[in-house]
Amino acid sequence: MAWERVAGNKGARSAGVDGMTVAFVRERIGEERFLAGLRDQLKSRSFRPVPVRERMIPKPGSRKRRRLGIPSVADRVVQASLKLVLEPIFEADFVPCSYGFRPNRRAHDAMAETRFLASKTYEWVLEGDITACFDEISHSVLMDRVRARIGDKRVLALVKAFLKAGILTEVGTSKETVTGTPQGGILTPPTQWVTRA
């Protein structure tokens, strides 16, 4: 299921630091062989995520640019698998009025609820944004929040490994990740649920 989600995503044509795309895996390696190798690595605990490939993209309506991290195909499949396991666990903690990075909920849904409530009894709407919040998240604080809900040490080790995998910058230098979550990966939303839960 994780492979299908990764292969069906519009980012399937993007390569990570290893240069492989979904099409490359299908044509040169074969899906079954690729997934069997990945499964073996996970079972033997030898799987190690590789650094994400950095791309700076324009911020809409601004001259500023934001960092996008492109994980390898293998890392995306493992992240999608983790998301399938973690999402239902963290979803149980949310209240109905929470909309950020949740399945089947969009910004339009939040706006519709705001309009509905404003037409009834509410008079104020407050909106806030923490500048570069997910670029600065403390890994130890984040892992403490994940540990509060997840006891499986293998899952915890994988989440931590993805946080610490690093970045290969656009100019080709390696950069350590000591804080933050790379925007663009499949696990980015789950790390955002943890901070909101």
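This tour moves through the structure one selection at a time and states what is found at each stop.

The model is predicted, and local features need pLDDT of at least 70, side-chain atom pairs count only at pLDDT 80 or more, and totals for chains, interfaces and linings use all residues. Residues are numbered from 1 along each chain as its sequence is written, and side-chain values use heavy atoms, with hydrogens and water left out.

**Stop 1: Trp3 and Phe34**

Select Trp3 and Phe34, which form a tilted aromatic pair with 5.6 Å centre to centre and 55 degrees between the planes. Rings of Phe, Tyr and Trp (its six-membered ring) pair if their centres lie within 6.5 Å; planes under 30 degrees apart count as stacked, over 60 as edge-to-face and the rest as tilted. Trp3 belongs to helix H1 (residues 2-7) and Phe34 to helix H3 (residues 31-44), so the pair ties together parts that are 31 residues apart in sequence. Helices (H or I, at least four residues) and strands (E, at least two) are DSSP runs, numbered from the N terminus. Trp3 and Phe34 are both buried; buried means under 20% relative accessible area, exposed over 50%, and partly exposed in between (1.4 Å probe, protein chains only).

Next, show the surroundings of Trp3: leaving out residues up to four places away in sequence, Trp3 touches Val22, Val25, Arg26, Glu31, Phe34, Leu35, Val73 and Val77. Contact here means heavy atoms within 4.5 Å.

**Stop 2: the largest nonpolar core**

The largest nonpolar core holds 32 residues, and those with the most contacts inside it are Trp3, Phe34, Val77 and Leu82. Such a core is a set of buried Ala, Val, Leu, Ile, Met, Phe, Trp, Tyr and Cys residues joined through side-chain atoms within 4.5 Å. Colour the elements that give two or more residues to this core: H1, helix H2 (22-29), H3, helix H4 (73-91), helix H7 (139-147) and H8. The largest share, 8 residues, comes from H4.

**Stop 3: Phe47 and Phe162**

Both Phe47 and Phe162 are buried. Their rings form a tilted aromatic pair, 6.1 Å centre to centre with 50 degrees between the planes. Phe47 lies in the loop between H3 and strand S1 (52-58) and Phe162 in helix H8 (residues 153-163), 115 residues apart.

**Stop 4: the strands**

Select S1 and strand S2 (residues 65-70), which pair in the antiparallel sense over 6 bridges; two strands pair if DSSP finds at least two bridges between them. Met56 stands opposite Arg67 in S2. S1 and S2 form a hairpin with 6 residues between them, and Gly61 in the turn has a positive phi of about 70 degrees. Arg53 stands opposite Leu168 in S3.

**Stop 5: loop residues**

Select Arg45, in the loop between H3 and S1. Its phi is near 60 degrees, a positive value in a residue other than glycine, and Arg45 is exposed, with a relative accessible area of 56%. Asn104, in the loop between H4 and helix H5 (107-120), also has a phi near 60 degrees and is exposed at 79% relative accessibility.

Finish at Arg149, in the loop between H7 and H8, which is partly exposed with a relative accessible area of 38%. Leaving aside neighbours within four places in sequence, Arg149 is in contact with Ile89, Phe90, Ala92 and Asp93.
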